[in-house]
Amino acid sequence: MPKPYELTAVEAAHMIRSQELKAEEYIASTLDRVRRVDEKIHAFVTLTREEGLNRAREIDEKARKKERLGRLAGVAIAVKDNMCTRGIRTTCSSRMLEIYVPPYDATVIRKLYDEDAIIIGKTNMDEFAMGTTTETSYFGVTHNPWNLRKVPGGSSGGSAASVTAEESTVALGSDTGGSIRCPASYCSTIGLKPTYGLVSRYGLISYANSLEQIGPLTKNVHDCALLLSVISGRDFMDSTSLDLPPKDYEASLKDDVRGLRIGLPREFFGEGVEDEVKKAVWKAVDLFESLGAVYEKVSLPSMNYALAAYYVVAMSEASSNLARYDGLRYGYRDERDEGDWSTVYAKDRRIGFGMEVRRRIILGTYALSAGYYDQYYLKALRVRTIIRRDFEKVLKDFDVLVGPTMPLLPFDIGEKISDPLTLYMCDILTVPANLTGYPAISLPAGFVDGLPLGLQITGKPFDEGTILRAAYAFEQNTDYHERRPNIE
Ligand code: GLN
């Protein structure tokens, strides 16, 4: 018998609904696991033990009275600390929001509660989601459960690590340029960035709003499909969320990829991608072929410009989105500050924001300023359109594109953080999905010297179903997702 904290979301919800397992026992077991391992991992910024246990008792009571229980009945979920949770501190891992307690819930949080999920805590992240390693957090780094010296990936590093270390059953992350898929790859979880517009961003604290989506981090594809079914859908509070009929993504889970047409973009196997990573992806492609899929090499020439375009767009939007942290409406404020408004504004922002955030605000402001706007921002938008066209064209002939998620295996904490450009390069394979808005998933696809690596599958807009079907078939025929690190 697995211990309660080892269950998947599908299993836990089923057992709680049928009263085979008490939600209280399961949540206590999960929180106990956190108590034992989080000193080493540091996945959480805030834990909500009491609230979690209280909700669990309420759910047990409902089960006892045979009241209807939701699709996530009792499921322990960890939420990245950039999604607003009413009454629960939401910091973005920044000193700027160290004591911020939102007066409202993000739409995704409301949807989780509607299905009887239990939030057990808020997870560590790169400050304001800016980073690839979770090292820019004001609250300190999260460690990779597979090797504590290594980064867990970022920026949703706490969410992914919490799932891998079984400190939570599932987690939510946000992905602006890879922040769900990168830590999924580095921690060996499933991580899905939905199509732009599928999941409401209302209550997600913005970094670069034209690029980002909230999505699931889970132990297996079934949990991912379940969580996506819960969080997706039209929301009147987010004008960019699309009006599409609700979908049950669990129905897509078929172990059948016969005839699936896979495109392999040359650019995903280029220079800078480690050989071991390429090898693992080829092995995955062979597996798909043996299951009846067909593949062909394709080319996305504009990929060469994706990283540059991404960083110009992301930083420009960040500079505008983060202007609101002025110490008056939001954010850190030293009450003893004196002087005129701009002196106080500058000082509080210097103290409230970390290095990386300030760097991006300054670069973004530069890119948007008169005289440079055409040269940088407008150009980046044009490149973005060209990239989208390239993807559109290739995906006319193929169902999905397959490649690695990250070009490199997880590296040491501290190894790259002082060299931002090298770090930005690590995002080369994940940013295209954000620039185009297309959905993409990362799946556990192998281990090299005990370190995991992920396979990325990109699909057509709003065709998460096909991505999930391919992912499910891959999972059914491999065992990488079943391996667990030895932490205790
Ligand atoms: N690593 C990328 C960045 O630093 C992506 C971050 C994200 O997706 N939030 O911008």
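Buried means under 20% relative accessible area, exposed over 50%, and partly exposed in between, using a 1.4 Å probe and protein chains only. The views below come from a predicted model in which local features need pLDDT of at least 70, side-chain atom pairs count only at pLDDT 80 or more, and totals for chains, interfaces and linings use all residues. Residues are numbered from 1 along each chain as its sequence is written, and side-chain values use heavy atoms, with hydrogens and water left out.

**View 1. Arg71 pairs with Glu115 in a salt bridge.** A salt bridge here is a side-chain nitrogen of Lys or Arg within 4 Å of a carboxyl oxygen of Asp or Glu, and the closest N and O atoms of this pair are 3.5 Å apart. Arg71 sits in the loop between α3 (49-64) and β2 (76-80), and Glu115 in the loop between α4 (107-114) and β3 (118-123), 44 residues apart. Helices (H or I, at least four residues) and strands (E, at least two) are DSSP runs, numbered from the N terminus. Arg71 counts as partly exposed because its relative accessibility is 34%, while Glu115 is buried at 13%.

**View 2. Arg201 and Asp238 meet through their side chains in a salt bridge.** The N to O distance is 3.8 Å. This pair links distant parts of the chain, 37 residues apart: Arg201 in the loop between β5 (190-193) and β6 (213-218), and Asp238 in the loop between α7 (221-231) and β7 (261-265). Arg201 is buried, with a relative accessible area of 12%, and Asp238 is buried too, at 5%.

**View 3. Asp399 reaches Arg261 across 138 residues of sequence.** Their closest N and O atoms are 3.0 Å apart in this salt bridge. Asp399 lies in the loop between α12 (374-397) and β9 (400-404) and Arg261 in strand β7, so the pair ties these parts together. Asp399 is buried at 17%, whereas Arg261 is partly exposed at 32%.

View 4. A backbone N or O atom of Gly177 lies 2.6 Å from a ligand oxygen, and one of Ala129 lies 2.8 Å from a ligand nitrogen. Tyr311 places a polar side-chain atom 3.4 Å from an oxygen atom of the ligand. Taken alone the ligand exposes 290 Å², and the protein buries 100% of that (Shrake-Rupley method, 1.4 Å probe).

Technical notes: A polar contact is a pair of N or O atoms within 3.5 Å; within protein, one must be able to donate a hydrogen and the other to accept it, and residues adjacent in sequence count only if both atoms are side-chain atoms.
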